[in-house]
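Good morning. Please have the sequence and the model open while I talk. I will start with one term and then go through a sheet and a ligand site.

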Amino acid sequence: MSSRLIVVSNRVAAPDPGNRHTAGGLAVAVKAAMRNRTGVWFGWSGKINDDPAEEPLVQRCNKVDYAVIDLSEADFQEYYNGLANRVLWPILHYRGDLQEYSRADQTGYMRVNRLFAEKLSELIRDDDVIWVHDYHLMPLARELRARGHGNPIGFFLHIPCAPPDIVQTLPHHEDIFGALTYYDLVGFQTERDRDNFAHYLTPMGATLGRNPMTISVDGRQTRLGAFPVGIETAAFARLSRFSMHSRCVEDVRESLQGRKLVIGVDRLDYSKGILHRINAFDRFLDEHPEWRSKVVFLQITPRSRSDIKEYIAIEDEVTAMVGKINGRYGEADWTPLRYINRPYSRTVLAGLYRLADVALVTPLRDGMNLVAKEFVAAQDRADPGVLVLSEFAGASAELDRALIVNPHESEAVAAALRQALEMPLEERQRRHDPMMDHLLEYDIDHWAEEFLSALGETRHRSGLLESLRGLFAVSLGG
Ligand code: ADQ
């Protein structure tokens, strides 16, 4: 595709040295997808400013214009902290019970989407392809269409899509979720997410078409698809080989004194199941005293969204539980659980994954979970570690040779941990090899290409439909 690609997301990972340790899957994925493409990445600067500049601030780097705008304090509270993170995030992660809805927040959410459309509008050229990311910006296409932009516009949801019963707990849900029908293509991480959305729309009068799945509402046609996000597999594998010899990773290896290493890497978020996982580790040490002193669990958990009450509560609970386990089982020369809140560079993370014997990736619900894929990519094929993976992570649809667990059952997670630690080399290789081959083929480039070529096809199809309409002057497909 030779036209420019305009990517829109809440935050923009602008090329600034302070951004090197970005801990967030969307930034990691979009950054990789933008590499070698010409275009614009538009979004919020991350700064709060009650007197924001009229024009977006644009910084050019490697054929990409990073264009950012500031938000006011009210925008930040209502749109970002409010509707996006206190309402849409829990609902889409199947936790409708945790939402803290307010009309003011919904108004703020709509206002910021209009602001994004207004500022972006000035940058759009007729032949640009627009790709909008994630739940912060669901109504953006409607706003852009209202400003006369007929460009192909696609949307990708990085997080899960809950079933209709849960989505409908959002007051005025049609206004937000229904707005997705203004996109040409709406992409999800898995077929389950895509089907949940289709089931949500059909009772609202949408007509469903198959192969490819499309929905028609009020004369608009939207294609729906599953596009599991990948990683830069080959590059990450190289990075992990190189990083094994870095000072930091060497120091960790030495500190283990021959003990096995179990690793967990997650933003501090209730959806990641950190507390359940730590409970399972407690059970494992309790039931298998023979493993005490022989294993270290390193949980790396950068804080996120620290001004939301659920996040503060979970931080307190996790810290208390870590203290309890270390107090109960620890020895003067052995700390069973090392719990760390700082972000690390991707280089160090890659080396730590490779050093680890087991990764516990046990979210209660996750769109995909890139950590699972990064762990597999970082392993030495000749002596790979074992992935223990929640059945509720989108990644479990692809990484089916992992030890798949229900994170709610601490007995099962503890048993899987033991199985992983004791797994013979031949079985570890038998499980790891096909997963690695899969990740090499379905990497981040494949993801971006599949999505963008599907978006291109929607245009051909609707172009054809338009011509047919013109030719026969009849109404086709709703
Ligand atoms: P996240 O919820 O942020 O992403 P995830 O997919 O696991 O979750 O991605 C986290 C990323 O941050 C990984 O690339 C990881 O390496 C990095 N990271 C985590 N901890 C770090 C640390 N301490 N230091 C540095 N980097 C760290 C959202 C959705 C996911 C979906 C992604 C991508 O919630 O389900 O997989 O987007 O679509």
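Two strands count as paired if DSSP finds at least two bridges between them. Phe297 stands opposite Leu337 in β13.

Before going on, the source. This is a predicted model, where local features need pLDDT of at least 70 and side-chain atom pairs count only at pLDDT 80 or more, while totals for chains, interfaces and linings use all residues. Residues are numbered from 1 along each chain as its sequence is written, and side-chain values use heavy atoms, with hydrogens and water left out.

Now β12 itself, residues 295-300. Is it buried or exposed? Buried means under 20% relative accessible area, exposed over 50%, and partly exposed in between, with a 1.4 Å probe and protein chains only. In β12, 6 of 6 residues are buried. Val295, Phe297 and Gln299 are on one face, and Val296, Leu298 and Ile300 are on the other.

Strand β11 (residues 260-265) also runs parallel to β12, with 6 bridges between them. Gln299 is the bridge partner of Gly264, and Leu298 is the bridge partner of Ile263.

Helix α10 (residues 274-287) sits in a right-handed β-α-β unit with β11 and β12. Right-handed means that, with the strands pointing away from the viewer, the path from the first strand over the helix to the second runs clockwise.

What is the strand order of the open sheet? It has 6 strands, in the order β13-β12-β11-β14-β15-β16, with parallel pairing. β13 and β16 (403-405) each have a single partner strand, so one side of each has no neighbour in the sheet. From one strand to the next the twist averages 20°; axes are lines fitted to C-alpha atoms, for helices over the stretch in contact, and angles run from 0 to 180 degrees between N-to-C directions.

Last, the ligand. A polar contact is a pair of N or O atoms within 3.5 Å. A polar side-chain atom of Arg267 is 2.9 Å from a ligand oxygen atom. For Gln189, a side-chain N or O atom is 3.0 Å from an oxygen atom of the ligand. Tyr344 has a backbone N or O atom 2.7 Å from a ligand nitrogen atom.

Key
Helices (H or I, at least four residues) and strands (E, at least two) are DSSP runs, numbered from the N terminus. A polar contact is a pair of N or O atoms within 3.5 Å; within protein, one must be able to donate a hydrogen and the other to accept it, and residues adjacent in sequence count only if both atoms are side-chain atoms.
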